[in-house]
Amino acid sequence: MSTPEIDVRYVAQLARLALTEEETARYQTQLGQILEYVAALQEVDVEGVEPTAHPGGLQNVLREDEVAESFTATQALANAPRAANGLFMVPKVIE
Amino acid sequence: MSPAELPFLGIAELRAGFRRGDFTPLDALNALLARIDRVDREIHAYLSFDAAAARKAAQAADLALPLGGVPIGLKDVISAAGQPCGCASRILSGYVAPYDATAVARLRAAGAIPFGRLNMDEFAMGSSTENSSRGPTRNPWDPTRVPGGSSGGSAAAVAAHTAFASLGSDTGGSVRQPAALCGCVGFKPSYGRVSRYGLVAYGSSLDQIGPVTKSVADAAALLQAMAGADPHDSSTLPAPVPDYLGALASARDLRGVRLGLPKEYFVAGIAPAVEQAVRRAVGHCEQLGAEIVEVSLPHTPQALAVYYIIATAEASANLARFDGVRYGRRTEKPDGLRDQYERSRAEGFGPEVKRRIILGSYVLSSGYYDAYYLRAQKVRTLLRRDFAAAFEKVDAIVCPTTPDVAFRLGEKSDDPLAMYLSDVFSVAANLTGGCGLSVPCGFDETTAPGRALPIGLQFLAPALAEERLLRIGHVYEQATSWHLRRALP
C-alpha cells in the first residue's frame with residue numbers, strides 16, 4: 001500500500017481543532033513524513049494475528065454496584081469556565 | 001550535617017536522619033526550599049509549589065510511617081487535591097485538582113509530602129520538555145541541553161538535588177528516558193501495577209506512573225507505597241504486592257541471573273559513547289555473576305511506528321474531553337458551541353499536541369482504521385510474542401535506555417520524527433506491558449568539553465517482575481559509583 005496523502009484540513013475538523021493556513025501546511029508536510037515512517041508496518045505479515053487492545057490481560061472486571069461518596073456539584077463546578085445556578089453554561093445549542 | 005548538604009540525601013538516609021533526631025522533616029524541607037531558590041532559576045524544573053502547606057505537613061509528619069516526612073515532587077500531570085494540575089498546557093492553566101490520584105493518596109498515607117509541580121512536555125507528549133507551555137527545563141549536567149522528556153522536570157529536579165525523589169509518568173519512555181539523560185534512576189512499573197486514577201490520560205493502554213529517584217532502593221520504597229489494585233482503576237492488577245525493599249536487602253550478586261542482550265538494539269544510530277558504556281556495563285554484570293545470552297526481538301524496527309499510531313490514536317480520544325465546557329480554558333465570545341470547541345482547543349493546545357491529535361484522529365478515521373490502527377494493534381501482538389519468547393530464555397533484557405546522550409535545546413524542535421527516535425529503546429516496555437528500569441551506567445566525556453553527560457542502562461522484565469528487576473538494578477548500582485556523581489555543587 002502506498003502512503004495516502006493526509007487531508008489535514010478535514011481531519012482537523014473531525015478533531016474540532018481550528019487551524020491556521022500556516023499550521024495546516026506545516027502539519028501536511030510533517031505528518032506526511034511521519035506516515036511514510038509508519039508505512040513500515042505495511043510490510044509485516046499480520047495474517048491471522050489477533051490485535052492487542054491493552055497489555056494487562058484482564059477481562060470483564062466487575063464490582064458490586066453500590067452507592068458511594070462522589071463529587072458534590074460545587075466540586076464538579078469548581079473548575080468550570082462559566083457556571084450559574086449549579087450548571088455549566090454553554091452557548092445556545094438549539095436555535 | 002550542614003543544611004546545605006541535606007538536599008543531597010536519598011530517602012533512606014533522610015529517614016535515618018529523622019529517626020536519629022539529627023534533623024527534622026522541617027529542616028530537610030527548608031534546606032530543599034533554599035536550594036530550589038538557588039538553582040531552579042536556571043534549571044526551571046518547578047512550575048509551582050506551596051511552601052507553607054509543605055511546612056505545615058513537615059511539622060505534622062509521622063516518622064513511624066515508611067515515608068514519614070519525605071517531600072516528593074510531582075509531574076504536573078498527576079493530581080494532588082488542592083494543587084494545580086495544568087499538564088504544562090495553556091488549556092489547563094488555572095486548573096486545580098479536586099482530588100488525589102490514588103498514587104498520591106497512597107504516598108500521603110505512607111507519610112510522604114506531595115510537594116511541588118514539576119515541568120513536562122505538554123500532556124506528556126515529547127522527549128525534551130521543550131513542549132511545555134511554561135518554557136523548557138534545562139539539564140543540570142549541561143544547561144544548554146534538554147533534560148529529556150516528557151518527565152523532564154521530575155528528572156532534572158532529582159539530578160539537581162532540588163527534589164529528594166519525584167513521580168513521573170511513562171507512556172513510551174517518559175520516566176526512563178529523562179532519568180537516563182539526567183543521570184537518575186527511572187522506573188516504569190508493569191501496566192496495571194500502579195493505579196492510573198488521577199493521572200491525566202495520554203495513551204490509556206500504555207500510561208503508568210513511575211518514580212524518578214537517586215537510587216534503586218528509593219524507587220523500590222516509592223513503588224512499595226503506590227503499587228496494588230485500586231477500585232478506581234479497573235486495569236490495576238489484583239496480584240499481591242511483594243516486599244520490594246526486603247527483596248533488595250538480600251541481593252548481593254547476579255549469580256543465577258540470565259540477562260538477554262537483544263541484537264536488534266545494537267544497530268546503526270546508537271551513539272558510540274552510549275554503546276561503549278552499555279557494553280562495559282553488560283561486562284560488569286557478567287563479572288557480578290550474570291550469564292549473558294544473546295536474544296532476538298525481530299519486531300524491534302517496527303516498535304516505534306506501532307507506538308506512534310497507538311499512542312496518538314488513544315490521545316486523540318482522551319484529549320477530546322478538553323472542550324472548554326467543564327474545565328480548562330474557553331475561548332472569548334464563541335460563535336456557537338462548535339466554534340467554542342474549535343477555538344478553545346486551537347488556543348489551548350500547543351503544536352505537538354495538535355500534531356498528535358491530528359495523527360491520532362487520522363489513523364482512527366473511516367477508511368484508514370484497518371490500515372493503521374488495527375494493523376498497529378496486530379504488530380503489537382507480534383512484539384509481545386517476541387518478548388514472551390525472549391523471557392523464556394532470560395530473566396531480564398539489558399540494553400541502552402536511549403540511543404544518545406542529552407541533545408541541545410532546539411536541536412530537534414523542528415523535526416518531530418528525529419525527536420520521536422529518542423524513544424526507540426523504551427516504547428517496547430509500554431507496548432508489551434512489562435516493567436523497565438533505567439540506572440546510570442557512565443558518562444560521555446567527549447561531546448561537551450568539561451561537561452560530562454550521563455548515560456542510562458535499561459533492564460526490562462515481564463509484567464509483575466518488579467522485584468526481580470529492582471534486585472538486578474540494585475546489585476549493578478551498588479557495584480558502581482555512577483549514581484553518586486553530582487551534576488551541580
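In chain B, strands β7 (residues 258-262) and β8 (residues 291-295) pair in the parallel sense, over five bridges. The path between them goes through helix α9 (residues 272-287) of chain B, and this β-α-β crossover is right-handed. The model is a predicted one. The points below cover the sheet of chain B and then chain A.

**The sheet of chain B**

- Eleven strands of chain B form an open sheet with mixed pairing, in the order β1-β3-β2-β4-β6-β5-β10-β11-β9-β7-β8.
- Strands β1 (46-48) and β8 of chain B are at the edges with a single partner strand each, so one side of each has no neighbour in the sheet.
- On average, neighbouring strands of this sheet are turned by 35° against each other, direction ignored.

**Strand pairs in chain B**

- B:P262 has B:V295, in β8(B), as its bridge partner.
- Strand β2 (residues 71-75) of chain B pairs with strand β3 (residues 113-118) of chain B in the parallel sense, over four bridges.
- For B:I72, the bridge partner in β3(B) is B:P114.
- In general, the strands of a sheet pair through backbone hydrogen bonds, either parallel or antiparallel.

**Chain A**

- Chain A contains three helices and two strands, and from the N terminus on its elements run α-α-α-β-β.
- The radius of gyration of chain A is 23 Å, well over the 12 Å that the globule rule gives for 95 residues, so chain A is more spread out than a compact globule.
- Taken along the principal axes, the box filled by the C-alpha atoms of chain A is roughly 55 × 45 × 25 Å.
- Of the 95 residues in chain A, 19% are buried.

Key. Residues are numbered from 1 along each chain as its sequence is written. Chains are lettered from A and ligands numbered from 1 in the order in which they are written. This is a predicted model: local features need pLDDT of at least 70, side-chain atom pairs count only at pLDDT 80 or more; totals for chains, interfaces and linings use all residues. Two strands pair if DSSP finds at least two bridges between them. A crossover is right-handed if, with the strands pointing away from the viewer, the path from the first strand over the helix to the second runs clockwise. The radius of gyration is taken over C-alpha atoms; the globule rule is 2.2 Å times the number of residues to the power 0.38. A residue is buried if 20 or more other C-beta atoms lie within 10 Å of its own, exposed if 12 or fewer, and partly exposed in between; C-beta atoms are placed from the backbone. Axes are lines fitted to C-alpha atoms, for helices over the stretch in contact, and angles run from 0 to 180 degrees between N-to-C directions.
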